[in-house]
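Let's take a friendly walk through this protein chain, strand by strand. Please have the sequence and the 3D view open as you read.

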Amino acid sequence: MPQLPKDYLSYVEAGGGGFGFTEGDPGYFQLWALEEREALHRDYKVDEFAPGFIGFGSDGGGELLAFDGTGAVFMIPFIGGGIDDAKKIANAWSEIVSRITDEQKA
């Protein structure tokens, strides 16, 4: 399984919000707490339906947020989704952060 990217861990450890709105995809995100991430990854069977990805949150509306081995960010449907349904939305978490709307950065 890939590791959580350093830019993501730095964001979370610096107190980055557990949720926020973005311009473009994902539009809204809910991050899984680091201490719960492994259990949620397992509960959602990410290794089974999207091997090689690491789940870390959702868009709050049926899409898993996941990293691949390069640290790119993908949206994958929770129901009926798999690798073929993965939609790349950023090359890195830092791209998502740059799209967080101003009122959520404060």
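## Starting at a strand pair

Val73 has Ala90 as its bridge partner in E6. Strand E6 covers residues 87-90 and is joined to E5 by 3 bridges, with the two running antiparallel. Strands pair here if DSSP finds at least two bridges between them. Strands (E, at least two residues) and helices (H or I, at least four residues) are DSSP runs, numbered from the N terminus.

Before going further, a word on the model: it is predicted, so local features need pLDDT of at least 70 and side-chain atom pairs count only at pLDDT 80 or more, while totals for chains, interfaces and linings use all residues. Residues are numbered from 1 along each chain as its sequence is written, and side-chain values use heavy atoms, with hydrogens and water left out.

## The overall fold

The protein chain has 5 helices and 6 strands. Its radius of gyration is 13 Å, close to the 13 Å that the globule rule gives for 106 residues, so the chain is as compact as a globular protein of that length. That radius is taken over C-alpha atoms, and the rule is 2.2 Å times the number of residues to the power 0.38. In sequence order the elements follow the pattern α-β-β-α-α-β-β-β-β-α-α, and the C-alpha trace spans about 35 × 25 × 20 Å along its principal axes.

Of the 106 residues, 41% count as buried, where buried means under 20% relative accessible area, exposed over 50%, and partly exposed in between (1.4 Å probe, protein chains only).

## Surface and charge

The protein chain exposes about 5800 Å², and carbon and sulfur atoms supply 50% of it. These accessible areas come from the Shrake-Rupley method with a 1.4 Å probe; for residues, only the protein chains shown count as cover.

There are 8 positive and 18 negative charges, and their mean positions are 3 Å apart. Lys and Arg count as positive and Asp and Glu as negative, whereas His and the chain ends are not counted. Each charge is placed at NZ of Lys, CZ of Arg, CG of Asp or CD of Glu.

## Two hairpins around E4

Strand E4 (residues 63-67) pairs with E3 (residues 54-58) in the antiparallel sense over 4 bridges. Within this pair, Gly57 stands opposite Leu65 in E4. E3 and E4 form a hairpin with 4 residues between them, and Gly60 in the turn has a positive phi of about 75°.

E4 also pairs with E5 (residues 73-77), again antiparallel, over 5 bridges. Here Glu63 stands opposite Pro77, and Phe67 has Val73 as its bridge partner. This hairpin has 5 residues between its strands, and Gly71 in the turn has a positive phi of about 95°. Both strands are mostly covered: 4 of the 5 residues of E4 are buried, and so are 4 of the 5 in E5.

## Ile89 and Pro26

Leaving aside residues up to four places away in sequence, Ile89 touches Asp25, Pro26, Leu65, Val73, Phe74, Met75, Ile96 and Arg99. Its C-alpha atom lies 14 Å from that of Phe53, 36 residues apart along the chain.

Pro26 lies in the loop between strand E1 (19-21) and strand E2 (28-31). Pro26 is buried too, because its relative accessibility is 11%. The C-alpha atoms of Pro26 and Glu36, 10 residues apart along the chain, are separated by 21 Å.

## Backbone points to check

Most residues other than glycine have a negative phi, and most peptide bonds are trans. The peptide bond from Asp25 to Pro26 is cis, with omega near 10°. Lys45, in the loop between helix H2 (34-43) and helix H3 (46-49), has a positive phi near 55°.

Definitions and conventions: Contact = heavy atoms within 4.5 Å.
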